[in-house]
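The following note is intended for a colleague who is meeting this structure for the first time. Please read the numbered points alongside the sequence and the model.

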Amino acid sequence: MRITRLSLHGFRNYADATIVFSDSISVLVGDNAQGKTNLLEAVVFLSTGRSHRVSDEQHCIRQGQTSAIIQAHTENASPLDLKVVLHDQGKSLFLQNQLVRKSSDFIGKLNAVLFSPGDLELFEASPRSRRRFLDTEIGKINPVYVDALSKANRFLKDRNASLKAPVVDEVMVEVLTERLVEVSVDVIRLRSAFTQRLNAHLTSYYQALALSESVIGITYNGVTNFDPQTADRLRELYRKNRDRDRFLKSTSVGIHRDDLTFILDGHPVDEWASQGQRRLIVIALKCALVAVIEEITGEKPILLLDDVFSELDASRRKALFTTLHRNTQTLISTTDLHHVSDWLHDSVTVYTVTDGHVEERNRL
Ligand SMILES: Nc1ncnc2c1ncn2[C@@H]1O[C@H](COP(=O)(O)OP(=O)(O)OP(=O)(O)O)[C@@H](O)[C@H]1O
Ligand SMILES: [Mg+2]
């Protein structure tokens, strides 16, 4: 999948800009605060219907204006016209110039994978952020997961509410526990399969990027493994925690406590890896995601790499270039053209971003 044309009107610091993308790798060069991340954020909007940076999307409307329009034309198996309009009433999504009623009919039509410097928190932040990573990424490619997860969240909420009641309705708790077990099995199956798929690609990308022999793995620390006995083990866990749950008035075990551990050569990444290594692990993770999404959907997503070069030495920057697939549309932002000096003779298009204006640089 590739975006051929992107237009921004009244979005962030863009008054009116149209960018025509031609090559597989596009480098956005500009000083700080010129609009590089804003441009990538616009592509994220088209992919997920949301911003990856703010929850209040009114901030994305250009100061002094009342609406913002992000529009793109894509080339893929079936060409798409996508449009996001932000206005004072909220947001409207359009697909093929038709207003989309359910956002799930819009999300993922354009599949994009983003590396953002904030992703480095994945190793240190709470398990919640790693679960969010799983939920977002699996959700983008599998509607069954979205459905199972939303049911699980609902049953969990109802179960907790029942446990908090002055008189606990035991029959209700049992019914909700059984429902929770049934949908949790699907969530565990898909989280486990997704982690395995990522693991199949992660080390080879890491070795290519880091120029090293190190082995990277992700361990899925789920409430239990996935196998034919998963449901029985879950029932047993809820039974064992029966008194504890009643005492705490909440559900102490379940998929809402799942976590991931990133392991570098047998050591947890958060205790072992350097800054540069962490960055490379996250980039390798994003490359692995591109491969997994292609395996599942049959189409390559667009890769967005925001401020990817900081902390990378010259040989790793070169390794990144060699590792990127020429047939994956990739947008990379950088403040320094020197970071890509080795790339300029290749099929790379450089765009300069200055105060909300984007211009294709003439080839050197
Ligand atoms: N709603 C808005 N209206 C007008 N300008 C905005 C709006 N939101 C953000 N901006 C401006 O956009 C600029 C930030 O753009 P962006 O984050 O894309 O920078 P960048 O080029 O990625 O910089 P860096 O290299 O520092 O990451 C800021 O100067 C900010 O003032
Ligand atoms: Mg930026």
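1. A residue is taken to be near a molecule or strand if its C-beta atom, placed from the backbone, lies within 6 Å of it. On that basis 17 residues surround ligand 1, and the closest are N32, A33, K36, T37 and N38. The shell around ligand 1 divides into 3 nonpolar, 10 polar and 4 charged residues. Here Ala, Val, Leu, Ile, Met, Phe, Trp, Tyr, Cys and Pro count as nonpolar, Asp, Glu, Lys and Arg as charged, and the others, Gly among them, as polar.

2. The model is predicted: local features need pLDDT of at least 70, side-chain atom pairs count only at pLDDT 80 or more, and totals for chains, interfaces and linings use all residues. Residues are numbered from 1 along each chain as its sequence is written, while chains are lettered from A and ligands numbered from 1 in the order in which they are written.

3. The protein chain has 9 helices and 15 strands; helices (H or I, at least four residues) and strands (E, at least two) are DSSP runs numbered from the N terminus. Its C-alpha atoms fill a box of roughly 70 × 50 × 35 Å along the principal axes.

4. Buried residues make up 41% of the 364 residues in the protein chain. A residue is buried if 20 or more other C-beta atoms, placed from the backbone, lie within 10 Å of its own, exposed if 12 or fewer, and partly exposed in between.

5. Helix 2 (residues 127-141) has R130, L134, I138, G139 and K140 as buried residues. What covers them includes helix 3 (143-164), helix 4 (170-210) and strand 10 (259-264).

6. Helix 8 (residues 275-297) has 23 residues. The residue that follows helix 8 is G298, with a positive phi near 80 degrees.

7. Leaving aside residues up to four places away in sequence, T354 touches G30 and Q34, contact meaning C-beta atoms, placed from the backbone, within 7 Å. The C-alpha atoms of T354 and D31 are separated by 7.5 Å, although these residues are 323 apart along the chain.

Key: Two residues are in contact if their C-beta atoms, placed from the backbone, lie within 7 Å. The expected span of a helix is 1.5 Å times one less than its number of residues.
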